Amino acid sequence: MSTHAARVAAPTRREQILREAARLFAERGFHGVGVDEIGAAVGISGPGLYRHFPGKDAMLAELLVGISERLLEGGRRRVAEDEARGGGSPEALLDALIEGHIDFALDDRPLITLHDRELDRLRDTDRKRVRRLQREYVEVWVGVVRALYPSLAENRARVTVHAVFGLLNSTPHLARPDALPGRAATAGLLHRLARGAFAAAETA
């Protein structure tokens, strides 16, 4: 199989189930969606879903823990790649972090909605895991922001990172997807706003 073919391989059935579950949970709420409806969205029976997940709670946990893990892994990977190149460009690294988070905010809007609405439905252990992963992700950003803006106090940098996440994660509330500017224009605008927030924090 070619590298290109590997990159565009169809999602697994498990991934299809999670994507449709995220969409339906975000649209109608966790309790407003039945297992049969998730199964119908991916072309299998409701009972057939139990070969992949023990129930809706397991799907929700995998969705919210999974995206928290992917964001943290992506942030750490970008830092490691910068360090492998000599670590000489905190500005380029911050831009890479912002771009990565914008990709998430534009491509995975249902997960943002799910986090906002349904995080408290997770088991205590899963909820604490999500919170821990999120704190670690914030600290990745804080380190990069302070490398670029060394005069910015740590607590101010952390507050600004949280504010920027709020800005970037507002995408589900901006408008219907088809009413927004093109993806590239929206991404560019979000990027400029994020950079502006960090610059403003340093000068405040």
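The largest nonpolar core has 58 residues, and Phe 25, Ile 38, Met 59, Trp 141 and Phe 198 touch the most other members. A nonpolar core here is a set of buried Ala, Val, Leu, Ile, Met, Phe, Trp, Tyr and Cys residues joined through side-chain atoms within 4.5 Å. Buried means under 20% relative accessible area, exposed over 50%, and partly exposed in between (1.4 Å probe, protein chains only).

This is a predicted model: local features need pLDDT of at least 70, side-chain atom pairs count only at pLDDT 80 or more, and totals for chains, interfaces and linings use all residues. Residues are numbered from 1 along each chain as its sequence is written, and side-chain values use heavy atoms, with hydrogens and water left out.

Eight helices are named here as each giving the core at least two residues: H2 (13-28), H3 (35-42), H5 (56-84), H6 (90-107), H7 (109-118), H8 (124-148), H9 (154-168) and H11 (183-203). Helices (H or I, at least four residues) and strands (E, at least two) are DSSP runs, numbered from the N terminus. H5 gives the largest share of the core, ten residues. Domain 1 (11-54) and domain 2 (56-203) each put in at least three residues. Their bounds come from an automatic or database domain assignment.

Which residues does Met 59 touch, beyond those up to four places away in sequence? They are Ile 17, Leu 18, Ala 21, Phe 25, Ile 38, Leu 49 and Phe 53. Contact means heavy atoms within 4.5 Å.

**Between the domains**

| Domain 1 to domain 2 | Value |
|---|---|
| Distance between C-alpha centres | 26 Å |
| Buried area | about 1400 Å² |
| Salt bridges | one salt bridge |
| Polar contacts (both at pLDDT 80 or more) | six residue pairs |

Buried area is the accessible area (1.4 Å probe) that two parts lose on being put together, summed over both. Carbon and sulfur atoms give 70% of it. In contact are 17 residues of domain 1 and 14 residues of domain 2.

A polar contact is a pair of N or O atoms within 3.5 Å; within protein, one must be able to donate a hydrogen and the other to accept it, and residues adjacent in sequence count only if both atoms are side-chain atoms. A salt bridge puts a side-chain nitrogen of Lys or Arg within 4 Å of a carboxyl oxygen of Asp or Glu. Glu 62 and Arg 14 form one through their side chains (2.6 Å, N to O). On the side of domain 1 that touches domain 2, H2 and H3 give two or more residues.

**Thr 160**

Thr 160 lies in helix H9. Thr 160 counts as buried because its relative accessibility is 9%. Leaving aside neighbours within four places in sequence, Thr 160 contacts Ala 197, Phe 198 and Ala 201.
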